[in-house]
Amino acid sequence: MFAVTLDLRIFANNAEQQLQVKGKGNVGHMLEKAADQLMSCFRVCANDNRTGIDDSKRWGMLFLINQLFKIYFKINKLHLCKPLIRAIESSSMKDEYTTAQRVTYRYYVGRKAMFDSDFKPAEECLSFSFTHCHRSCQRNKRLILIYLLPVKMLLGHMPSHQLLKKYDLMQFADVTKAVREGNLLLLNEALVKHETFFIRCGIFLILEKLKIITYRNLFKKVYHLLRTHQLPLDAFLVSLRMMKVEDVDIDEVQCILANLIYMGHIKGYISHQHQKLVVSKQNPFPPLSSVS
Amino acid sequence: MNNTGMSNAWHHSRRGRGHRHKEQGRPNRERTVEQKAEDSVPRGACMTMCPANELRQREAQNRLHRFEMLAGTERDRLPSADVSRAVKEYSRPAAGKDSTRATDLRPPSVLLKTVCYLVDDIAASSTFQPWTEVYSFVSDRLRSVRQDMIIQRASGPDCVAVLEKSVRFLLYASYRLCGQPLQYYDPRINDTHLQESLSWLLESYRDGKHRHQEEFQALSLLYNLGSTHALQHVLELPERIRSSPAVQLALAVSRAHSERNPVRLLRLAQKLDFIQVCAVHRHLLPCRRDLLLLYSHGHSSRNCRYPLQRLARLLSLKDPLAAELCRVCGVNVSGEWVSFSKSSFSEAASGDLQCRRTHEPVDDEQWNCPAGSVIHGCA
């Protein structure tokens, strides 16, 4: 059954490509039809309650789900993944499947969580995938890393240069450097430079979320430089100007600071009358991993 | 409905054409599947805005709309139809109903003329009041136009123009009728039609060159502000379109939204032209509330105060309206000063301030764009 369903999906993919070349038919039509077939296989497997655990058809479920995930991601209908995830999570067999199947499963669940902005679960799933992925599958490890990196960066963990070099992901190098230093200019440049790659992988929008982390890092530097807990708003404006962020004025600075306070990245308050940001004397910039 | 259409079209192709019987042999079998499919797509032949059958029927049954009646006969027991002003109405597809008769379908060129009539002579005219009735009539007739296009599986520049004008009309209506009672205007129904037309339009843009594409890609992004799907679509557009000023501005607004920077968003919104404001306006009030939320947390301090006038400017609202929005959101206002407190902000009553009241721009500029030019796009 595994062979048949895999072939079905590959055929559907090829059919899609052929139709695209000819310019006919609705995009995703062939793949949707393949998905329907796979769903009926899935139902047969899932409903197999009568045989013993060794012979149960339920062992086929995870493989099928992985195939379905691949199709749903391709046709961009991620919401259809939800019932499948529910089915596996409620199953008692979920940790007994082969490692390969579980790695693929967690990879897709992690990606879906990223899409839904659930970054902590996404990090757990993708980390699991990465560590359990076989050493020899470099290509797969790289794929997982493409999605794991942005999530980890949002949680405040920057990848090392060696890691990026090892997996040929130098596109992230400038992004990492920029976020770590609070360098908005470099971040914008890096995002533009590798735009096509990031958009194609679907992580461009998530990388844009790193901007708020970059602001936080930049402002933290300002705090350390001035060594006071009553920081003039102008100082932040100057720091932004140094980063060549020209079109921001004092009101926008206040808004960015308000956002950081609201999200818990800064502990303090803004006094408009004194034009100052007053931060807590204790731990005003909590570590990133404790905030998200 | 499709099945009926196919079988009826087949009937059509055989009726009155005896030589078809000869073709039933080998030649027919050799024709490709594609050619057979082409034959069965209905082609419109009705050159008037309303098919003759329907006109006669509706006139006899007294089902003409006020705007379609011959002047002077409105009060008669059975008003007469004005052939130059009657427009085919939308009718739900049903089993047994043949929607594919060529004499009932209008070809794309006639559809475009119909849409221009609806926009210039009805929607843009100030003689027809109230505008809710104009909207009801025009949106129904536009729906029928789109239906004719679907049945004929039409495509091409005329269809694109029809869709573009429909989108502009619906966007304009969503702004002008915002807040009207549900029985006259339902924003959700308008939204359904708008999304349908927009996605059809964007799909049509995939082939060939279209003069107004940049404008409508921008409008789609603004209307769907916050949608990852819409944003991803724009990011995948070719460089030439993405770098156009309209799309760049829409992207900047979208970026301000996803970075949760309402100050920047509202500031950028001032640069939008009228139709763009129509597209984005339903997102502006939630954005203003978000600003108050963020400031309630960021400026939360017992001793500090914020000047109301400055806040009003940030919100791009007049002072009294800004004060009212604050009150509705639980933000304390006394005189010229606002005191923010994270514990007092509340979303609970924020539905009380209607979006409609925030429509006028602060500078008292008269939004006097004649509706016609807005909808045709030649402002």
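Analyst: Happy to! Helices (H or I, at least four residues) and strands (E, at least two) are DSSP runs, numbered from the N terminus. This is a predicted model, where local features need pLDDT of at least 70 and side-chain atom pairs count only at pLDDT 80 or more, while totals for chains, interfaces and linings use all residues. Residues are numbered from 1 along each chain as written, chains are lettered from A in the order in which they are written, and side-chain values use heavy atoms, without hydrogens and water.

User: Which residues of H13(A) and H15(A) meet?

Analyst: Contact means heavy atoms within 4.5 Å. A:Ile212, A:Tyr215, A:Arg216 and A:Phe219 in H13(A) meet A:Ile256, A:Leu257, A:Asn259, A:Leu260 and A:Met263 in H15(A).

User: What makes H15(A) "mostly covered"?

Analyst: Buried means under 20% relative accessible area (exposed is over 50%, partly exposed in between; 1.4 Å probe, protein chains only). By that cut-off, 12 of the 14 residues in H15(A) are buried, including A:Ile250, A:Asp251 and A:Leu260. For chain A as a whole, buried residues make up 50% of its 292 residues.

User: How do you know what span is expected for H15(A)?

Analyst: The expected span of a helix is 1.5 Å times one less than its number of residues. H15(A) has 14 residues and reaches 20 Å from its first C-alpha to its last, close to the expected 20 Å. Just after H15(A), A:Gly264 takes a positive phi of about 90°.

User: Over in chain B, why are E1 and E2 said to stand at the edges?

Analyst: The strands form an open sheet in the order E1-E3-E2, with antiparallel pairing. E1 (306-307) and E2 (332-334) of chain B each have a single partner strand, so one side of each lacks a neighbour in the sheet.

User: What makes E1(B) and E3(B) a pair?

Analyst: Two strands pair if DSSP finds at least two bridges between them. E1(B) and E3(B) (residues 337-339) have 2 bridges, in the antiparallel sense, and B:Tyr306 stands opposite B:Val338 in E3(B).
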